[in-house]
Structures are given as C-alpha cells and as structure tokens.
Amino acid sequence: MENKVSISTLPYEFETLPFKFKILKENGVEFAHCDIMDGKFVENKTYMPNMLREIKKEMPLPLDVHLMVNNPLDYIEILKDVAYYYTIHCECFKTENELIEAVKIVKNNGFKAGIAVDLYTDENVILKVLQEVDLVLIMTVKAGAGGQKFNETALKKVEYLNLIRAKNKLNFQIEVDGGINDTNVSECVKAGANIVVSGSFVAKSNDLNKTIKSLKVSK
Ligand code: DX5
Ligand code: ZN
C-alpha cells in the first residue's frame, strides 16, 4: 500500500491553480493541499476560502484544506461542497471539549474532519478527539510558511499516533506537512504517515513524474 501525495497551493499564483493541478493530477497527485493563512493565526496571509469556492469547479482534485486561521469554523458555509478535508488547528481551542464540539460541527456539515498539530504543540491535546476525526495533520515545520527545513522531531508524534490508531482500531489518516522531500519521505511513511504534503520540493522540480514518484513509498 502506497502513501498519497497532497500538493500545497502556496508556491503557485492563485489564477494558475486549475491548470497546475491538472498537470499534477496527470502525474499521480491525489489531493490539492489548500494552505489558508489569515495573517493572525500565522503572520502570512494567503487567498481566503471564498476564492476557493470560485475555482472549485475547475479544480481536478479533492481539496485538502488546511486552515491556519484564528476562527476556523467561520468558513463552514463558504467551504460546503468545496473542501474534502476541512482541517482546523487544535491550538485555536482552549479546552478539549471545545475541540470536540468544533470537530463535530465540521463533521455534521458533511466534511472529512481534520485536526492539525503545530510543530511545538504536544499531541496529547488531541487524544480525546481521535475517534471523531478523519485526519490528523502533523506539522513537520512551524505553520506559516513554505520552504522551511523538515523537523524530524515531529516523527515521534506520528509514531505515537500510529500506535494509538492501531491499538484502538481507529481509522483516521495521518498527514505530514512541511519540508517533505525524497530524502525524508520514507521515514515519514515508516512512522505511519498515509498522506505527505509537498510545496517547494515539487514546485522546483523539472521532472514532475519522477519527483512525485519519489514521494510515494510502499509500506
Ligand atoms: C506551512 C504549510 C505547508 C507548506 C508546505 O504552513 O502548512 O503546507 O506550505 O510547503 P513546503 O513543502 O515547502 O514546506
Ligand atoms: Zn499545510
């Protein structure tokens, strides 16, 4: 069984996304990883979810939406029938109950619910919500920018969550995000990742087919 590849929209001009992702799909990519940044939760600011709604019809891949925003539930209506994965950061919620309530709202609105854990956040804060979520996104860089160096300390979290998933027979996907390339993807998949995100490694490739293949590891 091979892992899946989700390509970040961050390196590309917004207007070029449908065209770019058509080519990426032809080269074996499974998801479009839509990094949304509000300039508050993280310093940088990107296009906002309403723009995704506009181009959804031309996007050839399911949208894996990564909301790096202070109020992640504000986009439920806008992203209805647009986002496949609707991923919110656990750091936006003060208590486990708030987090569980938020995930339930995402699920009750028909999305696959994702929960993201930033690089310096302890993964124990999401244990109570694991039976609710469809995806856990483990940041392997500090959320907020592309082109950063992979931080392998995050793999301990992937291993731990992989163990809990197996022990409790849960079926959430584990996604790793940040600095992923052909030199670290195998250790990510070995630790338990099912989906790998790539931004800069793929964006600077001059042989897309070979580069995407180098991000697929059979386990
Ligand atoms: C960072 C984003 C990542 C990033 C990935 O905040 O969530 O998705 O864009 O880009 P690379 O692969 O360049 O780290
Ligand atoms: Zn991301």
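Let me begin with a definition: on a 1 Å grid over the protein atoms alone, a pocket is an open set of points with protein on both sides within 12 Å along at least five of seven lines, and its lining residues have an atom within 4 Å of a point. A volume is the space filled by probe spheres set on the points, which are joined across faces, edges and corners.

This is a predicted model, in which local features need pLDDT of at least 70 and side-chain atom pairs pLDDT 80 or more, while totals for chains, interfaces and linings use all residues. Residues are numbered from 1 along each chain as written, chains are lettered from A and ligands numbered from 1 in the order written, and side-chain values use heavy atoms, without hydrogens or water.

I turn to the pockets. The second largest pocket holds about 150 Å³ of space, and its lining includes M1, E2, N3 and K4 as well as V217 and K219. The largest pocket has a volume of about 280 Å³. Of its 27 lining residues, A145, G146, G147, G178 and G179 are the closest to its centre. Strand β2, strand β3 (63-68), strand β8 (195-198) and helix α7 (200-203) each contribute at least two residues to that lining; helices (H or I, at least four residues) and strands (E, at least two) are DSSP runs numbered from the N terminus.

Next, the metal site. Which residues coordinate the zinc ion (ligand 2)? They are H33 through NE2, D35 through OD, H66 through ND1 and D177 through OD, at 2.1 to 2.3 Å. Donors here are N, O and S atoms within 2.8 Å of the metal, or 3.2 Å for Na, K and Ca. The 6 donor atoms subtend angles of 73 to 177°, and the arrangement is therefore octahedral, a class that requires six donors with opposite ones over 155 degrees apart and all others between 65 and 115. D35 lies in strand β2 (residues 31-37) and D177 in strand β7 (residues 173-177), so this pair ties together parts 142 residues apart in sequence. Both are buried, D35 at 5% relative accessibility and D177 at 7%, where buried means under 20% relative accessible area, exposed over 50% and partly exposed in between, with a 1.4 Å probe and protein chains only.

Finally, the salt bridges, each a side-chain nitrogen of Lys or Arg within 4 Å of a carboxyl oxygen of Asp or Glu. The count is 7. One of them joins K216 and E30, with the closest N and O atoms 2.5 Å apart. K216 is in the segment after α8 (208-213) and E30 in the loop between α1 and β2, so parts 186 residues apart in sequence are tied together.

Key: Four donors count as tetrahedral if all angles lie between 85 and 135 degrees; four count as square planar and six as octahedral if opposite donors are over 155 degrees apart and all others between 65 and 115; anything else is irregular. On a 1 Å grid over the protein atoms alone, a cavity is a set of points where a 1.4 Å probe fits but cannot get out, and a pocket is an open set with protein on both sides within 12 Å along at least five of seven lines; lining residues have an atom within 4 Å of a point.
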